[in-house]
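Subject: Structure handover

Hi,

Here is the structure I promised to pass on. Have a look at it first, and then read on for what turned up.

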Number of protein chains: 2
Amino acid sequence: MRYLDQAAIEHIAIGAAFLGTGGGGDPYIGKLMALSAIEKNGPVKLYSVDEIADDDFFIPAAMMGAPSVLVEKFPRGDEFVKVFQKLAQYLGKEKIAGTYPMEAGGVNSMIPIVVAAQLGLPLIDCDGMGRAFPELQMVTFNLDGISATPMAITDEKGNIGIFETIDNKWTERIARSATVEMGASSLVSLYPTTGAQIKQSGVHHIVTLSEKIGEIIASKNQEVNDKLQHLLELVKGFELFQGKIVDVIRETKGGFNLGKMNLEGIAHYKNDQMKVHFQNENLLAEKNDKVVAMTPDLICLVDYETLLPVTTESLKYGKRVRVIGLPAHEKWRTAKGIETAGPKYFGYDYDYVPIEEMVKKEVAEHV
Amino acid sequence: MRYLDQAAIEHIAIGAAFLGTGGGGDPYIGKLMALSAIEKNGPVKLYSVDEIADDDFFIPAAMMGAPSVLVEKFPRGDEFVKVFQKLAQYLGKEKIAGTYPMEAGGVNSMIPIVVAAQLGLPLIDCDGMGRAFPELQMVTFNLDGISATPMAITDEKGNIGIFETIDNKWTERIARSATVEMGASSLVSLYPTTGAQIKQSGVHHIVTLSEKIGEIIASKNQEVNDKLQHLLELVKGFELFQGKIVDVIRETKGGFNLGKMNLEGIAHYKNDQMKVHFQNENLLAEKNDKVVAMTPDLICLVDYETLLPVTTESLKYGKRVRVIGLPAHEKWRTAKGIETAGPKYFGYDYDYVPIEEMVKKEVAEHV
């Protein structure tokens with residue numbers, strides 16, 4: 001157990017936005033929410049997964065919908081606790097032992113910290129993705145057959161819903177339609193889980209990993225190339241591209257931010273171009289029309305100079321970025337994981353190839 | 001208190017479909033569901049509103065969505081009880097004293113009979129409209145400020161939702177989006193009410209009125225013109241037209257059956273034409289391009305020979321019908337009632353004029 005202070009939260013927000021691969025919300029908004037909650041309520045305890053009891057009960061809290069909308073509909077601050085408590089009450093659980101994020105993301109890693117601070121509960125060092133994904137069934141708990149429901153949903157106006165669905169794709173369908181109706185974003189609590197289920201099916205140490213990533217990115221006394229080297233070592237990642245955004249096509253549709261961007265190479269990529277397709281999250285990267293990274297592996301955009309993560313809603317013409325590719329958590333690389341969140345699920349007609357294999361092949365071709 | 005036997009149910013189904021003004025579902029399907037339930041569980045008790053206790057608690061059950069879909073998605077039979085019990089459980093009420101219909105309609109008047117039979121509860125002789133309407137806030141309880149929520153919703157697959165909304169228009173919006181996602185029809189329990197609220201805000205005697213209408217329509221030993229005369233006297237209605245359907249334009253959109261039909265006059269209307277606009281229910285009738293009846297007053301289509309009600313989903317080219325207009329319940333003729341379900345709400349740019357005034361004026365013009 002350790003306490004999360006202001007510095008930790010700032011680092012977690014940055015690192016989680018990096019792992020959010022464009023989705024999961026803006027880390028600046030997320031950070032403000034979490035810092036304001038700990039300023040008011042005191043610091044939050046972080047428990048590692050080993051420290052929780054098997055039969056204790058935990059409830060995550062998250063934002064659902066198009067992250068771009070959150071910039072307009074700034075939360076009131078009590079929605080997260082409300083949706084969390086509504087689910088707890090519905091479940092008839094007297095004691096909820098803690099909360100944790102559903103996914104890594106600038107906002108979605110911070111919401112559980114707000115809930116933890118406001119209710120005096122610990123945060124657990126795990127999530128259900130190890131990255132961000134756009135749909136509710138794209139969760140490692142789902143891969144192990146754990147139900148997403150009962151779930152609770154609310155909006156900033158005060159409307160509340162509870163769902164129990166026959167499977168987790170139906171959770172996504174019905175919660176998505178409610179989210180769209182609620183104004184394209186909502187707050188959700190779902191995948192209520194025991195300590196044993198978290199140990200078995202969660203992605204462990206993700207809060208700590210986010211913090212370490214954020215520490216590297218935020219560090220002031222390193223050259224950008226050194227920082228990048230440290231970052232790539234930490235996450236076992238690859239720099240795939242350096243470029244300037246020359247075109248972004250996007251729309252907010254069905255409670256998602258959908259689109260693609262074109263990058264024109266700079267520095268030693270100056271004769272190359274890259275296209276990145278996204279649905280809230282970055283899902284497929286093509287360099288010179290050849291796929292170089294694909295979901296469930298992580299495709300992370302960062303600022304060229306600062307390495308700060310670039311979220312989908314903040315993409316703009318002329319911005320210079322680096323594209324970094326990371327291997328997904330092993331749970332996503334199983335047959336069920338690839339079926340659930342691989343390229344074919346999103347309509348890209350490719351067989352999944354792990355990023356490290358594609359990189360190795362490209363290196364070999366260029367020798 | 002009296003028992004509803006097979007004959008009563010057959011008559012209620014017909015009469016309620018008449019009052020359903022095109023919506024509320026097919027009376028043949030409704031009748032089959034209710035008869036099968038009483039055959040299995042015994043007859044259902046009908047209580048008049050005077051016979052219920054003020055502080056007893058009642059829950060309605062209904063179908064929501066495009067009635068045409070029900071013909072394809074025949075209910076399994078246990079959904080109604082499931083949605084009713086889900087709401088009861090959520091409300092934490094140990095004893096529910098009875099059920100009643102939300103609206104008059106071939107299916108929606110029968111669903112509470114199924115629930116009553118399956119759970120051994122009485123049916124209350126009231127509803128929340130005195131007719132059928134397409135949206136959840138178009139309920140006399142809403143006119144008196146009673147909340148539609150908590151509400152429960154389910155589909156034939158087994159998905160369940162519970163909503164608590166900030167107002168009854170939000171109930172409609174969120175439940176509609178869930179209904180569309182569930183396949184354009186769903187089962188709902190909403191407007192949980194006390195006996196006192198039913199006495200104050202319900203439309204009383206509607207089951208009995210439906211039964212009397214059905215008795216007249218089903219009677220075998222009267223000429224059609226005598227039957228029509230009896231019917232018009234009973235409901236204080238007017239025959240507005242006799243014609244043949246020559247055109248129906250419709251679509252299933254947003255969980256509604258939307259459209260309009262053109263009628264070519266027959267018999268002593270043979271030089272006239274009529275247009276009827278509907279959104280599940282018939283909402284506006286124009287004779288020779290002049291409005292002759294408009295919502296919230298009732299516009300009922302019946303078969304030319306048998307007087308059996310014609311529902312929106314069964315409209316077809318060549319069918320000969322009579323169009324009957326009826327004054328709405330007085331609660332709908334208040335300022336709040338007209339704002340909630342008058343012509344302007346549905347996008348027809350007319351000030352509401354009561355049907356009897358329009359008929360009187362037309363008669364005067366033709367003398």
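A quick definition before the helix packing: axes here are lines fitted to C-alpha atoms, for helices over the stretch in contact, and the angles run from 0 to 180 degrees between N-to-C directions. Also keep in mind that this is a predicted model.

**Two helices in chain B**

With that in hand, take helix 2 (residues 27–41) of chain B and helix 5 (residues 111–119) of chain B: they pack at an angle of about 10°, and their axes are 8 Å apart. Angles under 35 degrees count as roughly parallel, so helix 2 of chain B and helix 5 of chain B are roughly parallel to each other. On the helix 2 side of chain B, the contact is made by Met33(B), Ala34(B), Ala37(B), Ile38(B) and Asn41(B). Helix 5 of chain B brings Ile111(B), Ile113(B), Val114(B), Ala117(B) and Gln118(B). Sorted by class, that contact has 8 nonpolar residues, 2 polar ones and no charged ones.

**The two chains together**

Chain B and chain A bury about 1,900 Å² between them, with 55% of it on carbon and sulfur atoms. In chain B, the residues that lose the most area to chain A are Asn159(B), Glu164(B) and Glu181(B), together 28% of what that side buries. As for who takes part, the contact takes 19 residues from chain B and 19 residues from chain A.

**A helix in chain A**

Helix 9 (residues 206–218) of chain A has 13 residues and spans 18 Å from its first C-alpha to its last, close to the 18 Å expected at 1.5 Å a residue. Its buried residues are Ile206(A), Val207(A), Ser210(A), Glu211(A), Ile213(A), Gly214(A), Ile216(A) and Ile217(A).

Leu187(A) sits in strand 9 (residues 185–189) of chain A. Its relative accessible area is 7%, so Leu187(A) is buried. Leaving out neighbours within four places in sequence, Leu187(A) is in contact with Ala62(A), Met63(A), Glu79(A), Phe80(A), Val83(A), Ile111(A), Ala152(A), Ile153(A) and Thr154(A).

Over in chain B, Gln279(B) belongs to strand 14 (residues 273–279). Gln279(B) counts as buried because its relative accessibility is 14%. Not counting residues up to four places away in sequence, Gln279(B) touches Pro134(B), Glu135(B), Phe256(B), Asn257(B), Leu258(B) and Phe346(B).

Cheers

Note on methods
Residues are numbered from 1 along each chain as its sequence is written. Chains are lettered from A and ligands numbered from 1 in the order in which they are written. This is a predicted model: local features need pLDDT of at least 70, side-chain atom pairs count only at pLDDT 80 or more; totals for chains, interfaces and linings use all residues. Side-chain values use heavy atoms; hydrogens and water are left out. Helices (H or I, at least four residues) and strands (E, at least two) are DSSP runs, numbered from the N terminus. Angles under 35 degrees count as roughly parallel, over 145 as roughly antiparallel, 65 to 115 as roughly perpendicular and the rest as oblique. Contact means heavy atoms within 4.5 Å. Ala, Val, Leu, Ile, Met, Phe, Trp, Tyr, Cys and Pro count as nonpolar, Asp, Glu, Lys and Arg as charged, and the others, Gly among them, as polar. The expected span of a helix is 1.5 Å times one less than its number of residues. Buried means under 20% relative accessible area, exposed over 50%, partly exposed in between (1.4 Å probe, protein chains only). Buried area is the accessible area (1.4 Å probe) that two parts lose on being put together, summed over both.
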